[in-house]
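Today I am looking through one structure and jotting down what I find.

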Amino acid sequence: MRSIKEIDMADDLLQKVAEFIAKKANNPKDLTDTLVVFEGTRPSAYLRDKISKVLGFSYMAPSIFSLNDLVEYIVSEEGTFTIASELDVAHKLYEIVKRIAPEVFVQQRLFSDFISWAEEINRFIDRMYFENKEDDALINVQANAAIGYDVPESINKILEHIVRIKTELRDVLSKENKMTRGMLFQKAKELSKSIKLKKIKKIIFVNILFFQKCEEEILKNLSLTHETTFFYQGSPDDWKILKNIYDSLDCIVERTKKTNKDNDLKIYAPCDVHSQCAMVSDIIRETKDYDNTLVVLPEKENMVPLFSMLSSVTKDINVSMGYPIKRSALFSLVEMLINAQKTKKQGRYYTKEYVSIIMHPIIKNLDIGYGQAFTRGIVQVIENVFKGNIDISYSGQVFIDINELEKKGDFLEVVQEQAGSQDILQHDIIKTLSFIREHFFEKWGKVNSLKDLAAVLKGFIAVIMEYSDPERYPLQFNVIDALFKVVDNLEHINIEEEFSVDEIFSIFKSLVENEKTKFAGFPLKGIQVSEMMETRALCFKNVILMDLNEGIIPYGKINEPLIPVEVMRMLELSDPEIEEAIQKYHFNRIINTSEKAHLLYKNAEDSQKSRFLEDIIWTEQKRSRKLDVFSKFQAHFSSKIISQEKVKEKDASMVETIKNMTFSISSINTYIGCPMRFYYRYVLGIQETENILEGVQPRHIGDFVHKLLEEVFKKYINVPLIIDQMFKKDFFILLQELYKRDFENKMGVQKELFKDIIQDRLEAFLENERQRAEELGIRVSMVEENIKNTINTKAGELNLTAKIDRVDIDRQDNVYVLDYKAGSTSLMPSNIANINMQEISREKIKDMIRSVQLPVYLYLLQNSQKIDMEKVNVNAGLYYIRSVEIKWLFGKKDKILPKEALKLYIQATKYILEEICDKDKPFRCDKSARECSICPYVGMC
């Protein structure tokens with residue numbers, strides 16, 4: 001006998017179920033003859049609590065199952081069984097498909113690549129079991145696949161043999177007494193025809209909105225031997241999904257009276273995730289009734305910012321949703337250890353990977369016997385060594401032998417000296433480094449099978465548990481539990497096939513991909529945080545629903561990329577309308593059962609309100625005949641406007657210091673770009689720390705090119721420049737030597753490509769030089785010449801210095817001053833004749849002159865009597881190695897003569913120097929988007 005109890009949408013469903021159980025009990029103190037079945041496990045604690053309050057005395061509780069629990073219980077009555085692990089099923093499918101449809105593997109698909117396919121094939125086969133589809137239903141699928149669905153041919157080949165694949169998978173698992181979920185439900189369906197559940201007389205199914213065909217038969221079969229009651233909330237007149245269930249079950253329906261209940265509904269429109277979490281925190285503060293408050297969180301990514309906000313309100317937070325372990329600190333460390341093994345070369349580890357690992361919060365806070373501070377101190381020094389802040393023999397190497405670290409005297413001495421304590425012994429440093437090397441590098445390097453990986457993971461977890469501080473990372477214990485499940489999976493998998501190391505790690509990552517861990521908490525105490533589907537059957541006075549944006553609520557179910565949509569439709573396995581209807585039902589149910597509901601959606605250009613939320617607004621607009629039916633609460637943050645202009649006044653002492661400086665061209669150009677940057681760099685002497693771990697930077701390439709060209713051309717000073725085959729041979733031999741010395745140990749796998757690019761560019765450069773030398777009769781006059789002199793200004797006589805890359809003289813005694821540029825194109829000064837010197841300012845110099853480099857070169861050469869512009873023609877240019885072109889300071893179309901132009905350039909230079917030394921001109925930040933975006937001091941402004 002079976003019947004349906006229909007509860008009003010606004011009622012407390014579990015309260016009604018508890019009252020029904022108490023009323024129907026033969027012995028209220030012993031309810032063990034009753035079985036209650038929900039879709040999930042979440043409501044069980046709430047139902048027991050409500051029964052206890054209804055009865056008012058101690059009692060023996062009814063059995064409370066999820067649908068999955070019920071199915072497992074039915075099958076367990078016949079004997080023991082094992083649910084096959086996903087990895088086990090995946091490998092069995094891999095072997096079956098490889099044998100039946102070898103065409104799928106023409107491109108040598110690895111098992112690790114096939115795992116995602118196997119998961120979808122298994123899901124598809126399980127759906128066939130769940131929906132009671134016989135193998136005959138797949139015959140048309142096979143026939144169509146032979147013709148070809150609009151999918152890759154390899155997928156058609158799998159579908160051509162889907163019946164055989166399904167059969168062989170069932171047979172091979174049955175031999176090992178294993179089952180998939182689908183096979184388990186099929187078995188339960190067969191047993192339910194004759195089974196009598198021990199001691200159970202009454203079964204109550206609560207708000208199960210969708211029965212797969214197999215589940216429907218199980219429920220109907222059980223109702224033949226047990227008194228069965230179905231509880232549903234809402235009316236089939238309002239919900240099509242309920243009407244479908246009522247029609248399917250064909251039961252007597254008993255309706256309760258409609259509850260007249262108005263709830264307080266508010267809508268909020270925060271602008272982003274953090275403002276949304278802040279709003280939730282404020283709502284809960286005002287609510288105060290934490291034990292009756294539910295936060296529905298559809299987006300798992302928002303869990304951490306939500307927690308950071310809620311933790312300031314209360315510590316009693318219970319979360320019933322899984323958190324992906326791949327986002328945890330512990331798994332990030334595992335991933336780094338795996339990457340370190342993948343990137344090592346000939347036993348040497350990539351320095352950047354090594355430093356990243358030892359700097360990981362879990363590693364640097366290990367207590368190996370000397371305290372966490374000891375480990376942190378050592379790790380900090382090691383970081384500084386490999387970032388180049390401390391110069392020793394190991395600095396700058398891209399790959400390192402970490403065994404040698406423990407033997408390097410200068411390295412150990414630096415660590416001992418910089419760690420900050422006289423009590424630190426080299427023996428203790430060696431022991432710490434040895435511990436890290438052994439447990440986080442060497443053991444991971446010995447993984448040659450899945451079972452090896454399982455053993456290494458177990459050892460890794462044991463080390464973390466013993467030597468780290470788990471309380472520092474609240475999720476750590478939960479993540480460890482989840483990792484142990486993965487380890488168990490790896491240990492018990494019966495796979496004889498050998499895998500490469502890369503494939504072993506790929507298999508591990510695929511196992512972890514969907515693994516989740518749950519937070520600790522008590523479901524009846526504190527704020528409850530849950531996904532929408534975990535709210536089934538529950539009721540809270542205060543409900544807060546977040547992320548009510550289209551695409552999130554309702555969430556769009558992505559079609560299986562492997563199984564074509566037309567196959568799913570042909571077999572009636574896909575009905576997106578039902579999925580959306582279920583989501584909408586639960587959305588409305590949790591709102592209607594509440595007293596206060598707070599609905600939040602992200603109000604941004606790239607987001608729109610959920611259609612569920614729009615439907616609520618539209619319903620109320622129709623009822624009240626008004627447009628403005630809900631007040632929309634916007635996110636507001638208090639802010640204080642702070643002037644962005646950074647100013648530093650000068651005093652007499654500072655001005656005197658500045659006047660005594662020797663001004664380089666870089667310092668003058670820096671001031672032109674931004675006075676505050678000049679102040680930080682040249683007055684305070686703050687320099688940006690170079691990070692060698694970032695690899696070869698553009699500056700290193702420039703230094704290399706300058707050094708190479710200096711070594712080459714200094715041999716040809718004051719002699720005719722002839723670039724023949726002998727010159728080129730010597731040039732490229734030197735290039736190889738310098739490259740090996742400066743770059744060989746500072747680059748990874750790209751070093752050969754990088755060398756080829758440099759060589760190609762310099763070949764083009766030499767060809768251009770050959771043509772210049774032949775055409776002009778070039779002889780080199782100076783190479784990398786340091787020139788110092790003074791310049792008279794209103795601030796007094798100031799010191800200038802410059803290093804000139806090269807000066808050439810042609811057969812007509814024309815002089816060419818060259819500055820190499822190995823990087824991108826630098827800005828050239830505008831025509832100085834266009835500048836009104838009567839209205840000169842730093843800003844105008846920045847916009848028009850841009851750089852005083854070339855004019856100052858000529859000024860210094862002339863004042864040092866190296867050249868005489870009255871007697872010879874002189875020009876200066878930037879020589880771009882990348883594009884092999886020279887851009888000259890003076891052009892043939894200039895309106896004024898070079899010597900007149902130079903006077904104007906020097907006048908502008910003097911203006912800048914005088915402003916730098918002017919006590920009444922403070923240093924100010926130049927608020928330029930481009931300058932600030934590349935300025936190392938932007939954080940200080």
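How many helices and strands are there in the protein? I looked them up in this predicted model and found 36 helices and 27 strands. Next I checked the overall spread: the radius of gyration is 38 Å, well over the 30 Å that the globule rule gives for 941 residues, so the protein is more spread out than a compact globule. Along the principal axes, the C-alpha atoms fill a box of roughly 120 × 70 × 65 Å.

Then I turned to burial and surface. Buried residues account for 50% of the 941. The protein exposes about 45,900 Å², and 47% of that comes from carbon and sulfur atoms.

I also looked at contacts between residues at least 6 apart in sequence: 79% of them join residues at least 24 apart.

On charges, I noted 131 positive and 143 negative ones, with mean positions 3 Å apart.

Now for the backbone. Which residues does a cis peptide bond join? I found I553 and P554, with omega at about -5 degrees. P554 sits in the loop between β17 (542-545) and α24 (565-570).

K199 has phi near 65 degrees, though it is not a glycine. I place K199 in the loop between α9 (181-192) and β6 (202-206). Its relative accessibility is 70%, so K199 counts as exposed.

K288 has phi near 70 degrees, again positive in a residue other than glycine. K288 lies in the loop between α12 (273-287) and β10 (293-296). With a relative accessible area of 63%, K288 is exposed, the cut-off being over 50%.

Terms used: Residues numbered from 1 in each chain as written. Predicted model: local features only at pLDDT ≥ 70, side-chain atom pairs only at ≥ 80, totals over all residues. Heavy atoms only, no water. Helix = DSSP H or I, 4+ residues; strand = E, 2+ residues; numbered from the N terminus. Rg over C-alpha atoms; globule rule 2.2 N^0.38 Å. Buried < 20%, exposed > 50% of the residue type's maximum accessible area, 1.4 Å probe, protein only. Contact = heavy atoms within 4.5 Å. Areas by Shrake-Rupley, 256 points an atom, 1.4 Å probe, with all protein chains shown as cover. Lys, Arg positive; Asp, Glu negative; His and termini not counted. Charge placed at Lys NZ, Arg CZ, Asp CG, Glu CD.
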